[in-house]
Amino acid sequence: MVRLINKKNIDKISDIVYAILRIQEFFTHIIEINNPQIKPCIYAMWHENQFCIHGIKDKAHLNVLISNSTDGEIIARTVEKWGFKVVRGSSARKGCVTSTMQLITRLNEGECAALMVDGPHGPLHKVKKGAFTLAKETGAPIVPVHWYSAEKTFITLPSWDKMKTPFGNCNIINLYGEPIYVKPEDDEKEIAERLKSALVDLERRAPEEFKKAEKLKLWKKRK
């Protein structure tokens with residue numbers, strides 16, 4: 001069977017994906033809540049919430065880690081067209097080390113990073129070591145982030161990660177947790193548990209925070 005996505009049609013597919021997302025952007029309204037605005041920092045999210053990076057304002061200094069797969073190439077090209085910086089990585093040791101070193105360099109230069117902490121292939125909601133390593137090596141804090149909308153146009157895709165995305169006009173919040181600083185003596189598993197707990201807590205709090213934003217008419221004030 002011929003693979004629908006291959007090296008010959010990556011450019012065309014990425015152009016189509018970018019065009020669709022740019023159209024959706026006009027109908028997507030993201031409000032940031034409690035973003036500590038620390039630079040540099042490591043924004044950490046579940047893979048299902050990866051599109052929440054569009055709510056982060058300083059795209060030009062945000063480095064997004066994307067896998068080395070063919071599918072990842074399409075995502076990478078689309079993300080770059082959007083104005084983000086891209087670092088390519090993989091689960092293989094060589095690819096992982098290379099991408100980690102690139103991110104360390106960029107964090108040390110004062111830029112931020114965005115990591116899907118249970119990506120790129122799961123298991124779902126299992127925090128991997130990437131954020132811990134970057135925070136330990138650079139001193140940059142890990143900032144948990146979760147996005148949410150109560151509107152019907154905020155849909156869940158039938159993918160392994162249950163990815164959330166707007167489809168049509170949609171008001172959304174990006175909800176940020178307290179920064180997690182990693183000390184040299186800190187244990188990786190303990191930090192992973194803290195990060196997972198923070199992301200679970202953001203998910204729990206998100207519906208109420210969304211209601212507050214509606215009452216305050218934050219989306220109308222933004223306009």
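**Salt bridges, burial and backbone in a predicted chain**

Reader: I'm starting with Glu-32, so which residue does Glu-32 form a salt bridge with, and how far apart are the closest N and O atoms?

Author: Glu-32 pairs with Lys-57, and the closest N and O atoms of the two are 3.1 Å apart. A salt bridge here is a side-chain nitrogen of Lys or Arg within 4 Å of a carboxyl oxygen of Asp or Glu. The pair links distant parts of the chain, since Glu-32 sits in strand β1 (residues 28-33) while Lys-57 belongs to the loop between β2 (42-45) and β3 (62-67), 25 residues away. Helices (H or I, at least four residues) and strands (E, at least two) are DSSP runs, numbered from the N terminus.

Reader: Before we go on, what kind of model is this, and which pLDDT values do the features need?

Author: It is a predicted model, in which local features need pLDDT of at least 70 and side-chain atom pairs count only at pLDDT 80 or more, whereas totals for chains, interfaces and linings use all residues. Residues are numbered from 1 along each chain as its sequence is written, and side-chain values use heavy atoms, with hydrogens and water left out.

Reader: Back to that pair: is Glu-32 buried or exposed, and what about Lys-57?

Author: Glu-32 is buried, with a relative accessible area of 17%, whereas Lys-57 counts as exposed at 65%. Buried means under 20% relative accessible area, exposed over 50%, and partly exposed in between (1.4 Å probe, protein chains only).

Reader: How many salt bridges does a search of the whole structure find?

Author: The search finds 13 salt bridges. One of the groups is a network that links Asp-201, Arg-204, Arg-205, Glu-209 and Lys-212.

Reader: And what does Glu-73 do?

Author: Glu-73 takes part in a salt bridge with Arg-77, at 2.7 Å from N to O, and in another with Arg-88, where the closest N and O atoms are 2.5 Å apart. The second pair ties together parts that are 15 residues apart in sequence, because Glu-73 lies in helix α2 and Arg-88 in strand β4 (residues 85-89). Arg-77 and Glu-73, by contrast, are separated by about one helical turn, because they are four residues apart in helix α2 (residues 70-81). Glu-73 counts as partly exposed at 21% relative accessibility, and Arg-77 counts as partly exposed at 25%.

Reader: Switching topic, how many helices and strands does the chain have, and how does its radius of gyration agree with a compact globule?

Author: There are six helices and nine strands in the chain. A compact globule of 223 residues would have a radius of gyration near 17 Å, and the chain agrees because it has 17 Å. That radius is taken over C-alpha atoms, and the globule rule is 2.2 Å times the number of residues to the power 0.38. Along its principal axes the C-alpha trace spans about 45 × 45 × 30 Å.

Reader: What share of the residues is buried, and what share of the contacts joins residues 24 or more positions apart?

Author: Buried residues make up 45% of the 223 residues. Of the contacts with a separation of 6 or more, 71% are between residues 24 or more positions apart, a contact meaning heavy atoms within 4.5 Å.

Reader: Which residues of helix α4 are buried, and what follows α4?

Author: In helix α4 (residues 130-138) the buried residues are Ala-131, Phe-132, Leu-134 and Ala-135. Gly-139 follows α4, and its phi is positive, near 80°.

Reader: Which other residues have a positive phi without being glycine?

Author: Asn-34 has a phi of about 70°, and Lys-217 has one near 55°. Asn-34 lies in the loop between β1 and β2 and is partly exposed at 48% relative accessible area. Lys-217 lies in the loop between α5 (188-215) and α6 (218-222), and it counts as partly exposed at 49%. Most residues other than glycine have a negative phi, and most peptide bonds are trans.
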